[in-house]
Amino acid sequence: MAKLVVTYPADPGATFDRDYYVKVHLPLCQQHFGPAGMTGGEALFPLADDSPFLCLGILSFTDPAAIGAAMAVPGVGEVFADIANFTSVQPTATAMA
């Protein structure tokens with residue numbers, strides 16, 4: 001099992017549509033990355049107002065190689081382009097095993 005942790009920083013003035021992220025973006029990730037080995041995704045939202053993050057997206061994969069395969073699927077551009085539909089910040093992704 002491997003995880004891709006996507007962090008969305010709480011920059012001043014940043015926007016983030018939690019509902020869109022959960023209902024549209026995570027299913028879009030599953031649609032495109034599932035065939036490459038994505039097994040699930042979840043969103044964690046901070047309880048504290050002073051958190052450095054607006055959201056942590058955690059995508060689960062069968063193994064580390066599946067993360068690399070997901071980043072090479074034809075629909076990866078659509079997934080990345082969708083980010084502008086729910087947030088004004090640039091996320092950072094870190095692969096973990």
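Author: Happy to! In this predicted model, the count comes to 8 aromatic pairs. Let's start with Phe16 and Phe45. Their rings make an edge-to-face pair, with 6.1 Å from centre to centre and 65° between the planes. If you trace the chain, you'll see that this pair links distant parts of it: Phe16 is in the loop between strand S1 (2-9) and helix H1 (18-33), while Phe45 is in the loop between strand S2 (38-44) and strand S3 (53-61), 29 residues apart. Phe16 is buried, with a relative accessible area of 18%, whereas Phe45 is partly exposed at 24%.

Now turn to Tyr20 and Phe86. The centres of these rings are 6.1 Å apart and their planes meet at 25°, so this pair is stacked. Tyr20 belongs to helix H1, and Phe86 to the loop between helix H3 (76-82) and strand S4 (92-96), so the pair ties together parts that are 66 residues apart in sequence. Phe86 counts as buried, at 3% relative accessibility.

Next, step back from single pairs. Phe16, Phe45, Tyr20 and Phe86 are members of one aromatic cluster, which also includes Tyr8 and Tyr21.

The strands make an open sheet of 4, in the order S2-S3-S1-S4, with antiparallel pairing. S2 and S4 are at the edges and have a single partner strand each, so one side of each has no neighbour in the sheet. From one strand to the next, the twist averages 20°. Look at S1 and S4 in particular: they pair in the antiparallel sense over 5 bridges, and Val6 stands opposite Ala93 in S4. Helix H1, where Tyr20 lies, is placed across S1, S2 and S3 and runs at about 165° to S2.

One last thing to look for is the cysteines. There are 0 disulfides in the structure. Cys29 is in no disulfide, and the nearest cysteine sulfur, that of Cys55, is 11 Å away.

How values were computed. Residues are numbered from 1 along each chain as its sequence is written. This is a predicted model: local features need pLDDT of at least 70, side-chain atom pairs count only at pLDDT 80 or more; totals for chains, interfaces and linings use all residues. Side-chain values use heavy atoms; hydrogens and water are left out. A disulfide is a pair of cysteine sulfur atoms within 2.5 Å. Rings of Phe, Tyr and Trp (its six-membered ring) pair if their centres lie within 6.5 Å; planes under 30 degrees apart count as stacked, over 60 as edge-to-face and the rest as tilted. Helices (H or I, at least four residues) and strands (E, at least two) are DSSP runs, numbered from the N terminus. Buried means under 20% relative accessible area, exposed over 50%, partly exposed in between (1.4 Å probe, protein chains only). Two strands pair if DSSP finds at least two bridges between them. Axes are lines fitted to C-alpha atoms, for helices over the stretch in contact, and angles run from 0 to 180 degrees between N-to-C directions. Contact means heavy atoms within 4.5 Å.
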